[in-house]
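Colleague: I am new to reading structures, and I would like to go through one with you, feature by feature. Could you show me where to begin?

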Amino acid sequence: MLIEQLINGVTLGSIYAIVALGFTLVFGVLGIINMAHGEIFMVGAFIGVLTTSVLGWPLWLAFLASIVVTAILGYFLEVFSLRPLRGKKGVSHLAPLISTIGVSIFLENLSHHLFGAGNKPFRAEFAEIRFEIGSVTIYLVQITIFVISVILMIGLSIWLSKTKAGKALRATAENIETASILGVDTKKIITLTVMIASGMGGIAGILVGMAFNSVSPQMGLSMGLKGLAIIILGGMGSVKGAVVGGLILGLSETFLVAYGDSGYRDAIAFIMIILILLIRPQGIFGSKAAEGR
Amino acid sequence: MKRYQHFFLTMLAAFSLLVLAACGNSTSGGEESDATDEGQATGGAIEAKIGVISYLSGAGAAYGEAITQGLKLAQKEINEQGEVHIDLVIEDSAGEAEQAVNVGQKLMADDSILAIIGPTLSTEFFAVAPEADLNGITIMGTSTTVDGIPEIGDYVFRNAVPESLAIPAAIEKAVKRTGAKKVALIYGNDDALTKGGFEVMKRKAEEMGLEITTIETYQKGQSDYKAQLTKIKNSNPDLVLASCLYNEGAVILDQARKMGISVPFVGGNGFNSPQVIEIAGDAANGLIVGTPYFGDSEDPKIVEFNKNYEAEFGKKPDQFAAQAYDALYIYADAIKRAGTGEDRDAFRDALAATKDFDGILGKFSFDDVGDVVMDVTVVEIKDGKFVEFEE
C-alpha cells in the first residue's frame, strides 16, 4: 500500500508542480498572480478531450493542439487584460489580479456553454498502458507525468539561466525600465512569458485528463488555488520551489488520506500556507530580495 | 484629483467585467424562461405560472439542466393538450443555499406565481422550503431525497424517492446475490444528499451485520480519488457502497476499475444516470442502484418519453429529468382538480389529495406529510446497459 500511495502522491504532486510552474513564471516576471491560469489549464484539458475523443487525433497532436490553443489564450490574456493596465499612472497593483479573475470567470462560463456541464471522459489508449509489479499497478501515464514535470523544470531553469531570451526575461523581471533602456524588447518578453506559462497549463490539463479521466469546466478553480498555495509554499517566482512545493503538497494530500482522515484533504494546502508564512515567509526556496518589488 | 479619477475608472472597468461575467448565469436563466413563453394561451385552458428554482450554473449544472429539460418537455405536452396552460419562470440557484433563498423570495413575492418546483439540492431545499411554507406557497422537490424534507411544513412536498427507500432495497438485493460480508463506504461529505445517503447506507450495513472495512470521503471538485481507492482496495471489501452524485461517481468507478477493484458498487439515487455509462464506459459495469425510474424499461410510456426527450434535447433522459417531468404533470393534475391557476391554498389542498397518479415513474401518491408512496426498482449496469437486477 505504501508504494501504491507513493506513486499516487508523486503523480498528483507532479501535476501540481506543472501548474505551479506556470504561476511562478508569470509572477517572477510580472509580479502578478495570474488567477486565470487554472481556467487556461481547464481549456487545455478540454482541447485534449476534443482532439482525441471527438476528432480521433493521435495523442502527440492533441498535446500540440492544446499547447497552441492555450498559448494563444495566453497571448489574448496579455493583450486584453494585462497590457492595458501596465505602466499606467494610478493603476493599482491589484488591478491586474482583478482582471485575471474576470478572465477566469469568463473562460469557465464559456466552456460551460461550449462543452456543457458535467464530466467528460478522456479516452486515450495511451492511458491504458500499465505495468504490474507484484500487487502494484503502475500506469505509463503516471511515469510520463513525473518525467514531463522534471523535464519542464530542468528545461526552464536552463532556458532562464543560459539562453539570451532567458537572460532578457530575468533582466525584465529585475527592472522593466532598465531592461528596456538596455535594449531588451520588454513587451515581447512579457508576451512570450505569459504564452509559455499558459502553454504549460495546457500540458498539465491534458495530463490530468489522462491520469484521472475527468474533465469539467470547474476543474480549473481548485487547481488554480492549489497552484497558488504551492508557489507561496515553494517561494514566489522560484522554479525549483514550484516543483518541490508541488511534490510536497501532492504527497502530503495523498498520505493524509492514506493514514489519516480523507475529509481534511483540501485543508492541508492551506494549513501549510499558514505554517510556512509564520516560519519562513519567503517560502522554501524564495529569496529575501524578491520582497523589494 | 486626476490620478484618483483614473484609478477609480480602472477599478470600475475591472469590476464591471466581473459583474458582466457573473451576469451570464442569471440572464441565461431569464432567456430560457422567455423562450418557454412561445406557446400561446388558448381560450378554455386554466392559466398557471409555476416558479422553478434550479441548479443551472456551477459544478452541478448538469442536474439542473436535466431537471429544466424534463420540465420543459412536460410543459410543451401539457400546453398542447390544452386543458391547462403552464408558464415556467426559471431561476438559477447556482447550487448555493443563499442564492436559492434569494431567487425563491423573488418568486414568492410575485403573486401571479401559483407554486414552486425546486431547488435541486437538498441543502438548498432546506433553506428555501421553510420560507415558502411561511408564505403559504406550495413547493415541491423533484430531486431532494434526504430524510425530513416533507416534514418541514404543510406546503412542502416532494416526488423524489427518499434515499431511505431506495438504498436499503439496493443493498439488500446486492448482498443477497453476492453473499457479501465486508463492505467499504465512500461518499462526498460536503453535500446533504450524499451525506444523507451515506447515513442510510451505514445504518443498513450495521443492521444487516456487515463488517465495514473503511469509510472514505471526498469533496466537490476533486478529480483524483486514487488515494481513497487504494485504501479501499487494500481493505478487500466484497461490496463498495458509494453515496455519490453520478458526475463524481462515474469518475470514481473508472479509477477504481483501473486500479483493480472489481467488486460491485451500490449507489444511491444520485448515482442513477445513463451518463455514468457515458463517462465511465466499461468501468460502469457492476453498478447497482435502487431507483423509481428505470430508463430502459419496456413500458410504452417510458419508451415514448425517451423518444420525445431525445428528439427535443438530443440525449437520453435520466432520473432527474424523469422526476421533473412527472412533477409538472402532478402539478397540472392538481390544477385541473383545483380548477384554478391562481388560488395558492386551493392548489395546495388539491395537490395533497393526489392519489395513484399514473406517471412515468409508476403509481404515485402522497402520504400524510407530503412524502412519496411508490415502489422502487433495483437496476444494475451490465454490458454497458441498465438492466433490472436479477437475484
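Colleague: How much of residues 189-212 of chain A is helix, and how far apart are the end C-alpha atoms?

Modeller: Helices (H or I, at least four residues) and strands (E, at least two) are DSSP runs, numbered from the N terminus. Over residues 189-212 of chain A the chain is 100% helix and 0% strand, with 35 Å between the end C-alpha atoms. Residues 227-251 of chain A, by contrast, are 84% helix and 0% strand, and their end C-alpha atoms are 15 Å apart. The unreviewed UniProt entry annotates both stretches as "transmembrane region", among others in chain A; such annotations may be inferred rather than shown by experiment, and their positions are given in the numbering used here, with feature names shortened.

Colleague: What should I keep in mind about the model itself?

Modeller: It is a predicted model, in which local features need pLDDT of at least 70 and side-chain atom pairs count only at pLDDT 80 or more, while totals for chains, interfaces and linings use all residues. Residues are numbered from 1 along each chain as its sequence is written, and chains are lettered from A and ligands numbered from 1 in the order in which they are written.

Colleague: How do I read a sheet, and in what order do the five strands of the open sheet in chain B lie?

Modeller: Strands of a sheet pair through backbone hydrogen bonds, either parallel or antiparallel. Here two strands pair if DSSP finds at least two bridges between them. In chain B the order is β2-β1-β3-β4-β5, and the pairing is parallel. Because β2 (84-92) and β5 (156-158) of chain B stand at the edges with a single partner strand each, one side of each is left without a neighbour in the sheet. Within this sheet, β1 (residues 46-54) and β3 (residues 113-117) of chain B are joined by four bridges, and B:Val52 stands opposite B:Ile117 in β3(B).

Colleague: Where do chains A and B meet, and how many residues take part?

Modeller: Two residues are in contact if their C-beta atoms, placed from the backbone, lie within 7 Å. By that rule, 40 residues of chain B are in contact with 38 residues of chain A. Helix α1(B) gives the largest share of the side of chain B that touches chain A, namely eleven residues. That side divides into 16 nonpolar, 17 polar and seven charged residues, where Ala, Val, Leu, Ile, Met, Phe, Trp, Tyr, Cys and Pro count as nonpolar, Asp, Glu, Lys and Arg as charged, and the others, Gly among them, as polar.
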